[in-house]
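Please select the residues in the order given.

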Amino acid sequence: MLDDKKLTKELINSLSSVTNLKDLELIEIKYLGRNGVINDLLKKIKEIPVGDRKEYGKKINQLKQEIKRLLETKRLELSKKKSDKFFDSTLPGKTYPKGSLHPITYTIEKIASIFQKIGFIRVSYPEVEWEYFAFEVLNMPKDHPARDDFETFFIDAPSDKKMGKVVLTPHTSSGQVREMRRVKTPPIRMVNIVKCYRPNWDITHNPMFYQFEGLCIDRSINIAHLKGTIDYFAKEFFGEDRKIRLRPFHFQFTEPSFEIDVSCGVCGGKGVDCHVCKSGWLELAGAGMVHPEVLRAGGIDPNKYSGWAFGFGPDRCLMMKTGIDNIRILYNGDVRFLEQF
Ligand code: PHE
């Protein structure tokens with residue numbers, strides 16, 4: 001009465017010549033539709049002897065599942081073929097907009113890692129700072145020109161008898177005494193990288209900029225260590241062929257004090273007719289041996305310990321490395337510039 005093997009064979013046969021979904025649908029109707037093969041078979045159940053009906057029904061169900069499976073397999077095959085037809089492997093792929101680190105962020109990470117390699121711990125001391133840490137403990141008397149409001153941003157906030165007024169820190173040196181008081185007993189090897197603020201605005205000055213302060217305090221630390229460290233940094237950051245030199249200078253909080261120059265990468269230090277440096281050297285940083293008074297303010301005995309400090313701008317380093325000649329372009333958020341990094 002029910003030759004399921006024959007029926008499946010027939011179905012497989014007719015499916016093998018089907019090439020589109022429309023024909024597949026016709027076959028589906030033929031087998032599973034209201035007047036289709038399966039329903040016809042079900043209707044015939046009345047003609048089956050009562051004892052065999054259960055077995056007969058089970059067989060039809062199995063057949064129905066098998067038909068459904070075969071149809072579904074074919075459907076998958078056809079839809080896959082359809083997309084295969086449109087696949088052109090020579091078409092360029094989709095490109096998605098890609099972000100990148102801001103060049104200053106990249107530079108800061110690079111500088112920090114160069115110093116971390118030789119054991120300096122990275123810290124970030126406050127950008128909104130007391131006059132006490134920014135000037136007082138750094139030997140800068142009340143009438144020092146840097147404490148004028150032409151040079152420093154003062155915050156409109158209540159002042160403190162000991163701490164003085166609140167300022168936006170004009171340099172990272174304000175972290176020196178904070179670090180000494182945190183560590184208490186040398187050795188100290190700190191790099192303080194934060195934003196600094198000064199009311200200047202031209203192609204080499206932006207009111208907000210970054211500074212990078214190195215501080216090293218231990219027994220018998222001397223100028224040779226300072227020079228060696230800066231030399232190591234210049235070679236790591238700018239390249240093996242760079243040289244540095246120390247020029248005597250004056251800062252209130254270091255004695256002796258220096259300005260540090262790095263040889264110009266454009267002219268290779270020759271200087272003659274170089275449009276970038278004119279002298280063969282570029283000014284890199286301020287530095288010096290930490291003043292005994294500053295050590296004392298940090299609770300460190302200057303008879304036992306000595307140290308050096310330097311401070312410079314990552315933005316300036318980046319400019320010297322890449323030839324960018326306007327600092328403000330680094331901070332105005334113009335994507336046409338930023339996309340080049
Ligand atoms: N703080 C100084 C400046 O901003 C730089 C400096 C740092 C000098 C550390 C000496 C020692 O110009």
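The tour below goes from one selection to the next and says what is there.

**Before you start**

This is a predicted model, in which local features need pLDDT of at least 70 and side-chain atom pairs count only at pLDDT 80 or more, while totals for chains, interfaces and linings use all residues. Residues are numbered from 1 along each chain as its sequence is written, and side-chain values use heavy atoms, with hydrogens and water left out.

**Stop 1: Glu 255**

Select Glu 255, where UniProt, in an unreviewed entry, places the feature "binding site". UniProt positions are given in the numbering used here, feature names are shortened, and annotations may be inferred rather than shown by experiment. Glu 255 belongs to strand β7, residues 254-263. Helices (H or I, at least four residues) and strands (E, at least two) are DSSP runs numbered from the N terminus. Glu 255 has 48% relative accessibility and so counts as partly exposed. The classes are buried for under 20% relative accessible area, exposed for over 50%, and partly exposed in between, with a 1.4 Å probe and protein chains only.

Now show the surroundings of Glu 255. Leaving out residues up to four places away in sequence, Glu 255 touches Met 289 and His 291; contact means heavy atoms within 4.5 Å.

Step on to Pro 256, which is also found in strand β7. The peptide bond from Glu 255 to Pro 256 is cis, with omega near -5°.

**Stop 2**

Arg 245 sits in strand β6 (residues 244-251) and Asp 261 in strand β7, so the pair ties together parts that are 16 residues apart in sequence. A salt bridge is a side-chain nitrogen of Lys or Arg within 4 Å of a carboxyl oxygen of Asp or Glu. Asp 261 is buried at 2% relative accessibility, and Arg 245 is partly exposed at 30%.

Next, select Arg 247 and Glu 259. This salt bridge has its closest N and O atoms 3.2 Å apart. Arg 247 is in strand β6 and Glu 259 in strand β7, twelve residues apart. Which of the two is buried, and which is partly exposed? Glu 259 is buried, with a relative accessible area of 11%, and Arg 247 is partly exposed, with 27%.

**Stop 3: Glu 129 and Arg 178**

Move to Glu 129 and Arg 178, a salt bridge with its closest N and O atoms 2.8 Å apart. The pair links distant parts of the chain: Glu 129 is in strand β2 (residues 128-130) and Arg 178 in helix α7 (residues 175-183), 49 residues apart. Glu 129 is buried at 1% relative accessibility, whereas Arg 178 is partly exposed at 22%.

Then select Glu 131, Glu 136, Lys 142 and Arg 147, which a network of salt bridges links. A search of the whole structure finds 18 salt bridges.

**Stop 4: two loops**

Go to Lys 184, in the loop between α7 and β4. Its phi is near 70°, a positive value in a residue other than glycine. Lys 184 is exposed, with a relative accessible area of 58%. Pro 187 has its place in the loop between α7 and β4 (188-197), and the peptide bond from Pro 186 to Pro 187 is cis, with omega near 15°.

Finish at Ser 220, in the loop between β5 (208-218) and α8 (223-237). Phi of Ser 220 is near 55°, a positive value in a residue other than glycine. Ser 220 counts as exposed at 59% relative accessibility.
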